Amino acid sequence: MSKSTNPLADTLSVDDHRTCRNCGTHVTNRTIGVFGVDGVLYHCTSCPDICARDMRQGAGKDPDYDPLVDRGDTSENHPIFNGGDGQ
Ligand SMILES: [Zn+2]
């Protein structure tokens, strides 16, 4: 009984971190590595108001990211791109 390691518990523990902290969508480790911080992803492209542009601006690293506020500061944000999202 000396080997008490529970591989299933480890798997569940790891898997719990591989989700978007905002909407709970499962994400890959690669996605977390690219867009998240310290193994945590705070937003993903499945979040209601988040798109790839938001991820590039650090939405995945910022739990308080607000696209309505934080999206407005870059030259990438042209009004023409906001017209057809439908969300
Ligand atoms: Zn999400």
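A residue is counted as buried if 20 or more other C-beta atoms lie within 10 Å of its own. Asp54 has 22 other C-beta atoms within 10 Å and is therefore buried. This residue belongs to a predicted model, in which its place is in helix H3.

The protein chain contains four helices and zero strands, and its elements follow the pattern α-α-α-α when read along the sequence. Of the 87 residues in the protein chain, 18% are buried. Among contacts between residues at least 6 apart in sequence, 16% join residues at least 24 apart. Confidence was examined for the chain and for its elements. The mean pLDDT of the protein chain is 78, and 62% of its residues reach 70 or more. Among the elements, the lowest mean pLDDT, 52, belongs to helix H1 (residues 7-17), whereas H2 has the highest, 94.

The largest nonpolar core consists of 12 residues in all. Its members include the cysteines Cys20, Cys44 and Cys47, together with Phe35, Leu41, Tyr42, Met55, Ala59 and Tyr65. Tyr42, one of these core residues, touches Arg21, Asn22, Gly60, Lys61, Asp62, Pro63 and Tyr65 when residues up to four places away in sequence are not counted.

Several residues of the loop between H2 and H3 were then considered. Thr45 is found in this loop, which runs between helix H2 (29-35) and helix H3 (52-56). Because 18 other C-beta atoms lie within 10 Å, Thr45 is partly exposed. Apart from residues up to four places away in sequence, Thr45 touches Ile50, Cys51, Ala52 and Met55.

Ser46 lies in the loop between H2 and H3 and counts as partly exposed because it has 13 C-beta neighbours inside 10 Å. Its contacts, leaving aside neighbours within four places in sequence, are with Cys20, Cys23 and Thr25. Asn22 is 24 residues from Ser46 in sequence, and the C-alpha to C-alpha distance between Ser46 and Asn22 is 9.5 Å. Asn22 is also one of the residues touched by Tyr42.

Asp38 lies in the loop between H2 and H3. With 7 C-beta neighbours inside 10 Å, Asp38 counts as exposed. The backbone of Asp38 has a phi near 55 degrees, a positive value in a residue other than glycine. Most residues other than glycine have a negative phi.

The loop between H3 and helix H4 (67-70) contains Asp62. This residue is partly exposed because 14 other C-beta atoms lie within 10 Å. Asp62 and Leu41 are 21 residues apart in sequence, yet their C-alpha atoms are 8.4 Å apart in space.

Terms used
Residues are numbered from 1 along each chain as its sequence is written. This is a predicted model: local features need pLDDT of at least 70, side-chain atom pairs count only at pLDDT 80 or more; totals for chains, interfaces and linings use all residues. Helices (H or I, at least four residues) and strands (E, at least two) are DSSP runs, numbered from the N terminus. Two residues are in contact if their C-beta atoms, placed from the backbone, lie within 7 Å. A nonpolar core is a set of buried Ala, Val, Leu, Ile, Met, Phe, Trp, Tyr and Cys residues joined through C-beta atoms within 7 Å. pLDDT is the predictor's confidence in each residue, from 0 to 100.
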